[in-house]
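Dear colleague,

I am handing over the structure below, and I would be grateful if you could look through it alongside my notes.

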Amino acid sequence: MRTVYPLVRYREPAKAVDWLVRAFGFEVHELVRSGDGGVDHAELTVGTGMVMTGTGEPGGPGIYIAIEDPDAHHAGAVDAGAEITRELTDQPYGSRDYACKDPEGNEWFFGTYRP
(Lines give C-alpha, C1' and ligand atoms only; values in the text may rest on other atoms or scores of the structure.)
Protein backbone atom coordinates (compact mmCIF):
# COMPACT_ATOMS: atom_id res chain seq x y z
CA MET A 1 0.00 0.00 0.00
CA ARG A 2 1.16 3.48 -0.74
CA THR A 3 -0.97 6.54 -0.09
CA VAL A 4 -4.31 7.16 1.61
CA TYR A 5 -6.77 9.75 0.23
CA PRO A 6 -10.09 10.86 1.72
CA LEU A 7 -12.95 10.00 -0.67
CA VAL A 8 -16.24 11.89 -0.39
CA ARG A 9 -19.44 10.98 -2.28
CA TYR A 10 -21.92 13.58 -3.54
CA ARG A 11 -25.24 13.36 -5.37
CA GLU A 12 -24.15 16.36 -7.47
CA PRO A 13 -20.34 16.37 -7.57
CA ALA A 14 -20.07 19.44 -9.84
CA LYS A 15 -21.96 21.61 -7.34
CA ALA A 16 -19.96 20.09 -4.49
CA VAL A 17 -16.64 20.86 -6.20
CA ASP A 18 -17.67 24.49 -6.79
CA TRP A 19 -18.67 24.80 -3.14
CA LEU A 20 -15.48 23.17 -1.82
CA VAL A 21 -13.38 25.57 -3.90
CA ARG A 22 -15.32 28.64 -2.68
CA ALA A 23 -15.70 27.56 0.94
CA PHE A 24 -12.34 25.95 1.66
CA GLY A 25 -10.02 27.25 -1.04
CA PHE A 26 -9.38 23.80 -2.48
CA GLU A 27 -7.80 23.78 -5.94
CA VAL A 28 -9.13 21.57 -8.72
CA HIS A 29 -6.39 19.18 -9.79
CA GLU A 30 -8.47 17.07 -12.20
CA LEU A 31 -12.09 16.63 -13.30
CA VAL A 32 -13.40 13.54 -15.07
CA ARG A 33 -16.65 14.25 -16.89
CA SER A 34 -19.51 11.84 -17.52
CA GLY A 35 -21.11 11.33 -20.93
CA ASP A 36 -23.72 14.00 -20.15
CA GLY A 37 -21.09 16.59 -19.18
CA GLY A 38 -21.52 16.18 -15.43
CA VAL A 39 -18.65 15.42 -13.07
CA ASP A 40 -18.05 11.74 -12.25
CA HIS A 41 -14.80 12.17 -10.35
CA ALA A 42 -12.77 15.13 -9.10
CA GLU A 43 -9.43 15.48 -7.41
CA LEU A 44 -8.91 18.56 -5.28
CA THR A 45 -5.56 19.57 -3.83
CA VAL A 46 -5.35 20.74 -0.26
CA GLY A 47 -1.87 21.95 0.61
CA THR A 48 0.29 18.90 -0.01
CA GLY A 49 -2.66 16.48 0.19
CA MET A 50 -5.58 15.53 -1.99
CA VAL A 51 -9.30 14.89 -1.56
CA MET A 52 -11.14 12.75 -4.12
CA THR A 53 -14.85 13.18 -4.83
CA GLY A 54 -17.24 11.00 -6.77
CA THR A 55 -20.89 10.34 -7.46
CA GLY A 56 -22.91 8.45 -4.92
CA GLU A 57 -24.98 8.76 -1.82
CA PRO A 58 -23.39 10.91 0.85
CA GLY A 59 -22.68 9.13 4.06
CA GLY A 60 -19.44 10.50 5.35
CA PRO A 61 -16.01 10.32 3.88
CA GLY A 62 -14.52 7.05 2.80
CA ILE A 63 -10.88 6.19 2.42
CA TYR A 64 -9.19 5.49 -0.92
CA ILE A 65 -5.97 3.54 -0.56
CA ALA A 66 -3.55 3.37 -3.47
CA ILE A 67 -2.22 -0.17 -3.99
CA GLU A 68 0.09 -1.83 -6.49
CA ASP A 69 -1.81 -5.01 -7.42
CA PRO A 70 -5.59 -4.60 -7.12
CA ASP A 71 -6.35 -8.09 -8.45
CA ALA A 72 -4.31 -9.81 -5.74
CA HIS A 73 -5.57 -7.37 -3.11
CA HIS A 74 -9.20 -8.04 -4.14
CA ALA A 75 -8.60 -11.81 -3.95
CA GLY A 76 -7.19 -11.41 -0.43
CA ALA A 77 -10.20 -9.37 0.68
CA VAL A 78 -12.59 -11.98 -0.73
CA ASP A 79 -10.64 -14.79 0.99
CA ALA A 80 -10.88 -12.87 4.28
CA GLY A 81 -14.67 -12.67 3.92
CA ALA A 82 -14.96 -8.97 2.99
CA GLU A 83 -18.31 -7.94 1.54
CA ILE A 84 -17.48 -6.60 -1.92
CA THR A 85 -19.60 -3.50 -2.56
CA ARG A 86 -18.14 -2.58 -5.94
CA GLU A 87 -16.45 -5.19 -8.10
CA LEU A 88 -12.94 -4.72 -9.44
CA THR A 89 -13.32 -2.28 -12.35
CA ASP A 90 -11.17 -0.18 -14.69
CA GLN A 91 -12.23 3.44 -14.15
CA PRO A 92 -12.24 6.19 -16.81
CA TYR A 93 -9.83 8.27 -14.70
CA GLY A 94 -7.15 5.56 -14.96
CA SER A 95 -7.52 3.57 -11.76
CA ARG A 96 -8.37 -0.11 -11.43
CA ASP A 97 -10.25 -0.30 -8.19
CA TYR A 98 -12.89 -1.94 -6.02
CA ALA A 99 -14.70 -1.32 -2.76
CA CYS A 100 -15.54 -3.56 0.18
CA LYS A 101 -16.90 -3.39 3.71
CA ASP A 102 -15.02 -4.42 6.80
CA PRO A 103 -16.72 -6.55 9.51
CA GLU A 104 -18.15 -3.38 11.15
CA GLY A 105 -19.71 -2.19 7.87
CA ASN A 106 -17.22 0.57 7.03
CA GLU A 107 -16.60 0.92 3.30
CA TRP A 108 -13.03 0.92 1.96
CA PHE A 109 -11.85 1.76 -1.57
CA PHE A 110 -8.66 0.28 -3.02
CA GLY A 111 -7.10 0.98 -6.39
CA THR A 112 -4.08 1.80 -8.52
CA TYR A 113 -4.53 5.58 -8.35
CA ARG A 114 -1.38 7.47 -9.34
CA PRO A 115 -1.38 11.27 -9.23
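Two strands are taken to pair here if DSSP finds at least two bridges between them. Please keep in mind that this is a predicted model.

On that criterion, strand β6 (residues 83-90) pairs with strand β7 (residues 96-101) in the antiparallel sense, over five bridges, and D90 stands opposite R96 in β7. The hairpin formed by β6 and β7 has five residues between the strands, among them G94, which takes a positive phi near 105°.

The pairing of β7 with strand β8 (residues 107-111) is antiparallel and runs over five bridges, with K101 standing opposite E107 in β8.

On its other pairing, β8 runs parallel to strand β5 (residues 62-66), the two being joined by four bridges, and Y64 stands opposite F109 in β8.

Taken as a whole, the strands form an open sheet of eight with mixed pairing, in the order β2-β3-β4-β1-β5-β8-β7-β6. Because β2 (27-33) and β6 stand at the edges with a single partner strand each, one side of each is left without a neighbour in the sheet. Neighbouring strands of this sheet are turned by 20° against each other on average, direction ignored.

Finally, helix α1 (residues 13-24) lies across β1 (4-10), β2, β3 (39-46) and β4 (49-55), and runs at about 15° to β3.

Terms used
Residues are numbered from 1 along each chain as its sequence is written. This is a predicted model: local features need pLDDT of at least 70, side-chain atom pairs count only at pLDDT 80 or more; totals for chains, interfaces and linings use all residues. Side-chain values use heavy atoms; hydrogens and water are left out. Axes are lines fitted to C-alpha atoms, for helices over the stretch in contact, and angles run from 0 to 180 degrees between N-to-C directions. Contact means heavy atoms within 4.5 Å.
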